[in-house]
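Hello,

Here is the structure I promised to pass on to you. Have a look at it first, and then read on for what turned up in it.

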Amino acid sequence: EEYKNNKKRAQSNESKKLNILKKVLIVDVLLQIISYFKSYMKIKKRICESLKCIKFIKEEILPDVIVVPSDRSNAFILNILKYAKKNGILTATVPVSYISGPERLIASRRNEKSYFTFLHIIFRNKYSKLYKRDIKTKKLVCYYRFEHLPILIKNNLLPENPWAFGSGLVTFIMVDTQRTKDDLVKLGTKPNKIYVTGHHIFDELFNVQKRKTEINKKINYTYKNHSTNKKIIFAVPHLAEHGLIDWQEHWEKLDLVCDNLQRYSGNFDIFISLHPKMVRQDYMFLEYKYGFKLLIEPLSSVLPVAD
């Protein structure tokens, strides 16, 4: 009798656990649906905004060339590129930042379920070039969020191969070096679309180099630096900010580098440069923990001062 009662209680507990699990799963699915809907409406709004911009271009500007930052990510820009191509207007990208390749892009999508949800099975076969295998998780990752695909497909905005910068509707792209061009060609970008122009940052670095003594004095004054030591400028990698590693690993790696840098603090003044995506307050501990100075200025405006 006692055995039967224990069995019933165990079955009852198991049933309760299953009911709780079902409710949790239902809530999780509902939250995902709400999140997808909000994201879908956001991209739909961006396309509507692009139509206003296209109207302005058509009626007021009448350009010969339209310069855009990218040809693969932003629905607003994708729609403008589509309009330009249809109307014979040249379009171009200029080098403004590092061009991410597939490995980096996949890593940044690793923690966003929308990029690899099972729902992608709807599009996977027909649009196979949008997907790449994540070596770490073994999952197929889409370049675009699942909820963005229907509206991008409906409006015929998908690039031929979004993993390769310049493979979309843009007429030509300008890159900083021959190496960048070679890398893009390997990914599938057509070589006749790529022009090596250098980077505008190179000009800024050159101008700073010519004024190195003046800027060095300014830095010493701004950061109350009275020593005559040489300078080290450490540009902190924005690994966690881009989703390439988790935050715990990010801080561990940063501490390891800073521990080694601190060994040179007797002979060098050490300055820290943060990426624009970084929240300055999160890194203020580097000043009191290691005695480093956090730069306010962009890296390009001070880098030649470093020894």
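A polar contact here is a pair of N or O atoms within 3.5 Å, where, within protein, one must be able to donate a hydrogen and the other to accept it. Please keep in mind as you read that this is a predicted model.

With that cut-off in hand, let's begin at Ser70, which sits in the loop between β1 (65-68) and α2 (75-86). A polar atom of the Ser70 side chain lies 3.2 Å from the backbone nitrogen of Arg72. Is Ser70 buried or exposed? Ser70 is buried, because its relative accessible area is 16% and the limit for that word is under 20%. If neighbours within four places in sequence are left aside, the residues in contact with Ser70 are Ile77, Leu81, Thr93 and Phe165.

The side chains of Glu204 and Ser300 are joined by a polar contact of 3.3 Å. Ser300 and Ser301 are the residues in contact with Glu204 once neighbours within four places in sequence are set aside. Glu204 is partly exposed, with 30% relative accessible area. To give you a sense of distance, Glu204 and Phe285 are 30 Å apart in space from C-alpha to C-alpha, and 81 residues apart in sequence.

Next, the surface. Val65, Val67, Leu90, Val94 and Val96 make up a nonpolar surface patch, and together they have about 380 Å² of accessible area. One of them, Leu90, belongs to strand β2 (residues 90-93). Leu90 is partly exposed, at a relative accessible area of 39%.

There is also a sheet to look at. Strands of a sheet pair through backbone hydrogen bonds, either parallel or antiparallel. This open sheet has three strands in the order β7-β8-β9, and their pairing is parallel. The edges are held by β7 (230-235) and β9 (293-294), each with a single partner strand, so one side of each has no neighbour in the sheet. Strand β8 (residues 268-273) is joined to β9 by two bridges. In one place to check this, Phe271 has Lys293 in β9 as its bridge partner.

- Glu112 and Arg145 form a salt bridge whose closest N and O atoms are 3.5 Å apart. Glu112 is in the loop between α3 (102-109) and α4 (121-124), and Arg145 is in the loop between β4 (140-142) and α5 (149-154), so the pair ties together parts 33 residues apart in sequence. Glu112 is partly exposed at 34% relative accessibility, and Arg145 is partly exposed at 23%.
- Lys129 and Glu160 form a salt bridge with their closest N and O atoms 3.6 Å apart. This pair links distant parts of the chain, 31 residues apart, with Lys129 in the loop between α4 and β3 (131-133) and Glu160 in the loop between α5 and β5 (172-175). Glu160 counts as exposed, at 51% relative accessibility.
- Lys289 and Asp255 form a salt bridge with 3.2 Å between the closest N and O atoms. Lys289 is in helix α10 (residues 285-290) and Asp255 in helix α9 (residues 247-262), so parts 34 residues apart in sequence are tied together. Lys289 is partly exposed at 44% relative accessible area, and Asp255 is partly exposed at 22%.

Key
Residues numbered from 1 in each chain as written. Predicted model: local features only at pLDDT ≥ 70, side-chain atom pairs only at ≥ 80, totals over all residues. Heavy atoms only, no water. Patch = residues over 30% accessible without salt bridge, like charges linked within 9 Å, V, L, I, M, F, W, Y side chains within 5 Å. Areas by Shrake-Rupley, 256 points an atom, 1.4 Å probe, with all protein chains shown as cover. Salt bridge = Lys/Arg side-chain N within 4 Å of Asp/Glu carboxyl O. Helix = DSSP H or I, 4+ residues; strand = E, 2+ residues; numbered from the N terminus. Buried < 20%, exposed > 50% of the residue type's maximum accessible area, 1.4 Å probe, protein only. Contact = heavy atoms within 4.5 Å. Pairing = 2+ DSSP bridges.
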